[in-house]
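Hi,

Here is the structure I said I would pass on. Have a look at it first, and then read my notes below.

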Amino acid sequence: NFSYKNLVYVTGALRVDGSSVFGKDQRNQKYLKASGSYIISGHDFWQNMSMSKVWNFAKLRIAYGESGNLTGIGAFSRFNSYSSNSFISRTSLVSSTTLANTNVKPERQRELEFGIDLGFFNGRLNLQSNIYTKKVDDLLINRFIAPTNGFSSLLDNFGSLENKGFEIVLSGKPVRQQNLTWTVTA
């Protein structure tokens, strides 16, 4: 975390996850995140402008983050497992219909977000706006494979997904007294 004169804030982190459910070369995953904000209204020039009595807060934000899906597969799903059954009074082994994938890795999500926060009338009316894009790579999907392999499906990192959008939050405090505060958010 870093702060400069209560105007600029920067945060960053690196997370390392390890899990034995993934393939040998995919066991440890690194995820980055960083964010920054700049409070424009904290400068003296803003405080000296006549509009600062009505529009008293303005902040710009940017954030980037990565994450992974560690629960996408079972604890031993990267191994072909067999269960025992009785067949003509003898013990037989039967495998799962899903072929194990020794190279499976977690889904990876990346999100980039830009935002602005505005405050009016000493915090009685606030507007928060975000624009984001989120991409998920290496989706874990059961794919159908040829039954001549002895199995009918394979859990594999196959495909991607992307979401884009915006969010707008408007909040106000129509009543703000010593013993009662009423906040409305939409």
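**What I found**

Let me start with one side chain: Trp55 is partly exposed, as its relative accessible area is 26%. On the wording, buried means under 20% relative accessible area, exposed means over 50%, and partly exposed is in between (1.4 Å probe, protein chains only).

Before you go further, note that this is a predicted model, where local features need pLDDT of at least 70, side-chain atom pairs count only at pLDDT 80 or more, and totals for chains, interfaces and linings use all residues. Residues are numbered from 1 along each chain as its sequence is written, and side-chain values use heavy atoms, with hydrogens and water left out.

**Rings**

Back to Trp55. A search of the whole structure turns up two aromatic pairs. In one of them, the ring centres of Trp46 and Trp55 are 4.9 Å apart and the planes are at 80°, so this pair is edge-to-face. The cut-offs: rings of Phe, Tyr and Trp (its six-membered ring) pair if their centres lie within 6.5 Å, and planes under 30 degrees apart count as stacked, over 60 as edge-to-face and the rest as tilted. Trp46 counts as buried because its relative accessibility is 6%. Ring pairs also bring in Phe120, which makes a cluster of Trp46, Trp55 and Phe120.

Elsewhere, Arg143 has its charged end over the ring of Phe158, 4.7 Å from the ring centre. (For that, NZ of Lys or CZ of Arg has to be within 6 Å of the ring centre and within 35 degrees of the ring normal.)

**Salt bridges**

There are nine salt bridges in the structure, each being a side-chain nitrogen of Lys or Arg within 4 Å of a carboxyl oxygen of Asp or Glu. One of them joins Lys59 and Asp117, at 3.8 Å from N to O. That pair links distant parts of the chain, with Lys59 in strand S4 and Asp117 in strand S8, 58 residues apart. Both Lys59 and Asp117 are buried. As for the labels, helices (H or I, at least four residues) and strands (E, at least two) are DSSP runs, numbered from the N terminus.

Glu113 and Arg61 make another salt bridge, with their closest N and O atoms 3.6 Å apart. Again distant parts are linked: Glu113 is in strand S8 and Arg61 in strand S4, 52 residues apart. Arg61 has 19% relative accessibility, so it counts as buried. What links Lys59, Arg61, Glu113 and Asp117? A network of salt bridges.

Glu66 and Arg110 also meet in a salt bridge, at 3.9 Å from N to O. Since Glu66 lies in strand S4 and Arg110 in strand S8, the pair ties together parts that are 44 residues apart in sequence. Glu66 counts as buried at 15% relative accessibility, while Arg110 counts as partly exposed at 31%. Arg110 also turns up beside Gly65 of strand S4: their C-alpha atoms are separated by 5.8 Å, although the two are 45 residues apart along the chain.

**Strands**

Strands S9 (residues 125–137) and S12 (residues 160–176) run antiparallel and are joined by 13 bridges. For pairing, DSSP has to find at least two bridges between two strands. S12 also pairs with strand S13 (residues 181–185), in the antiparallel sense, over four bridges. S12 and S13 form a hairpin, with four residues between them. Gly172 is a handy place to look: Leu125 stands opposite Gly172 in S12, and in S13 the bridge partner of Gly172 is Val184.

There is also an open sheet of three strands, in the order S7-S11-S10, with mixed pairing. Strand S7 (98–99) and strand S10 (140–144) are at the edges with a single partner strand each, so one side of each has no neighbour in the sheet. S10 pairs with strand S11 (residues 153–157) in the antiparallel sense over five bridges, and Asn142 stands opposite Leu155 in S11.

**A nonpolar patch**

Last, the surface has a nonpolar patch of about 960 Å², and its residues include Leu14, Ile62, Phe114, Ile131 and Phe166. Patches are made of residues with over 30% relative accessible area and no salt bridge; like charges are joined within 9 Å, and nonpolar side chains (Val, Leu, Ile, Met, Phe, Trp, Tyr) within 5 Å. Ile131 is in strand S9 and counts as exposed, at 52% relative accessibility.

Cheers

Methods. Areas by Shrake-Rupley, 256 points an atom, 1.4 Å probe, with all protein chains shown as cover.
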